[in-house]
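Biologist: I would like to learn how to read pockets and helix packing in a model. Where do we begin?

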Amino acid sequence: FSPAERRAILDVTMAERGSMAVIANVSHVRLHEAVALGKHAAGLGAEALALLPPWFYPISQPDLVEFYVQVGQQTGKPLLLYNFPERTGIRLELETIAAICDRTPVVALKHSGADFPYLQPLIDLGKAKGYKVLVGADTRLAETMRMGAEGVIGGLVNISPAWFVEIFNAAKSGAWEN
């Protein structure tokens with residue numbers, strides 16, 4: 001979608017959200033576009049902004065820190081860092097995440113992709129830095145919550161939300177065998 005189309009989608013989403021909190025995905029390869037989308041979402045009342053690292057072009061970890069910090073500071077909104085190396089070609093390293101957290105509010109991190117062993121260090125860092133970890137692997141929701149993740153942002157959950165709410169509630173209560 002173009003930035004104008006994304007703003008229009010945000011307009012409709014925010015108008016129809018009722019009492020639900022919205023985390024608006026403002027990911028873009030250009031800083032000024034991510035900031036513009038973020039300011040638009042903030043003006044509509046989004047509670048936080050989800051943001052992938054800029055994909056396609058190689059970018060250093062220190063430059064990633066600046067990218068995220070600028071979006072957070074210029075929009076005045078807390079961030080959900082979105083780590084999906086298989087799609088972006090960039091992995092958010094632990095030191096990078098810590099540096100971002102030290103300079104701008106981060107409320108959550110979504111980890112997607114095949115690097116499942118990386119999830120535990122992300123959860124451990126989240127506990128130290130005060131952010132929640134969400135996963136993209138719907139089918140591993142209970143397993144990841146047992147590790148300390150807080151939930152899932154995925155695709156299957158949209159098809160069968162009641163089933164995933166049941167899994168989430170069972171995992172949250174510690175009923176791992178159900």
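Modeller: We begin with a pocket lining: in this predicted model, the second largest pocket is lined by Phe 1, Arg 6, Ile 9, Leu 10, Thr 13, Met 20, Ala 21, Val 22, Ile 23, Ala 24 and Asn 25.

Biologist: Which elements give two or more residues to the lining of the second largest pocket?

Modeller: Those elements are helix H1 (3-16) and strand E1 (23-25). H1 gives the most, with 4 residues.

Biologist: How do the residues of that lining divide by class, and how much space lies in the second largest pocket?

Modeller: The lining of the second largest pocket has 8 nonpolar, 2 polar and 1 charged residues. The space in this pocket is about 220 Å³.

Biologist: How is empty space found in general?

Modeller: A probe the size of a water molecule is rolled over the atoms, and this shows where empty space is left.

Biologist: How much space lies in the largest pocket, and which residues are the closest to its centre?

Modeller: The largest pocket holds about 400 Å³ of space. It is lined by 15 residues, of which Ile 23, Leu 80, Leu 134, Ile 153 and Gly 154 are the closest to the centre.

Biologist: Which elements give two or more residues to the lining of the largest pocket?

Modeller: Strands E1 (23-25), E3 (79-83), E4 (106-111) and E5 (132-135) do, along with helix H8 (156-159). The largest share comes from E4, with 3 residues. By class, the lining of the largest pocket divides into 9 nonpolar, 3 polar and 3 charged residues.

Biologist: Now the helices. How do H1 and H2 pack, and at what angle?

Modeller: For a pair of helices, read the angle together with the distance between the axes. H1 and helix H2 (residues 31-44) pack at about 20°, with their axes 10 Å apart. Angles under 35 degrees count as roughly parallel, and H1 and H2 are therefore roughly parallel to each other. The crossing in which H1 passes H2 is right-handed.

Biologist: Which residues make the contact of H1 with H2?

Modeller: From H1 come Pro 3, Arg 6, Arg 7, Leu 10, Asp 11 and Met 14, and from H2 come Glu 33, Leu 37, His 40, Ala 41 and Leu 44. The contact of H1 with H2 has 6 nonpolar, 1 polar and 4 charged residues.

Biologist: At what angle do H2 and H3 pack, and which residues meet?

Modeller: The angle between H2 and H3 is about 35°, with axes 9 Å apart, and the crossing is right-handed. Leu 31, Ala 34, Val 35, Gly 38, Lys 39 and Ala 42 of H2 meet Phe 67, Gln 70, Val 71, Gln 74 and Thr 75 of H3. The residues of this contact divide into 6 nonpolar, 4 polar and 1 charged.

Biologist: How do the axes of H3 and H5 cross?

Modeller: The axes of helix H3 (residues 61-75) and helix H5 (residues 94-103) come within 9 Å and cross at roughly 30°. That makes H3 roughly parallel to H5, and their crossing is right-handed. Gln 61, Leu 64, Val 65, Glu 66, Tyr 68, Val 69 and Gln 73 of H3 make the contact with Thr 96, Ala 99, Ile 100 and Arg 103 of H5. By class, there are 6 nonpolar, 3 polar and 2 charged residues in the contact of H3 with H5.

Notes. Residues numbered from 1 in each chain as written. Predicted model: local features only at pLDDT ≥ 70, side-chain atom pairs only at ≥ 80, totals over all residues. Heavy atoms only, no water. Axes fitted to C-alpha atoms, helices over the stretch in contact; angles between N-to-C directions. Parallel < 35°, antiparallel > 145°, perpendicular 65-115°, else oblique. Left-handed = near helix turned anticlockwise from the far one by under 90°. Contact = heavy atoms within 4.5 Å. Nonpolar A, V, L, I, M, F, W, Y, C, P; charged D, E, K, R; others polar. 1 Å grid on protein atoms, 1.4 Å probe; cavity = no way out; pocket = protein on both sides within 12 Å on 5 of 7 lines; lining within 4 Å. Points joined across faces, edges and corners; volume = space filled by probe spheres on them.
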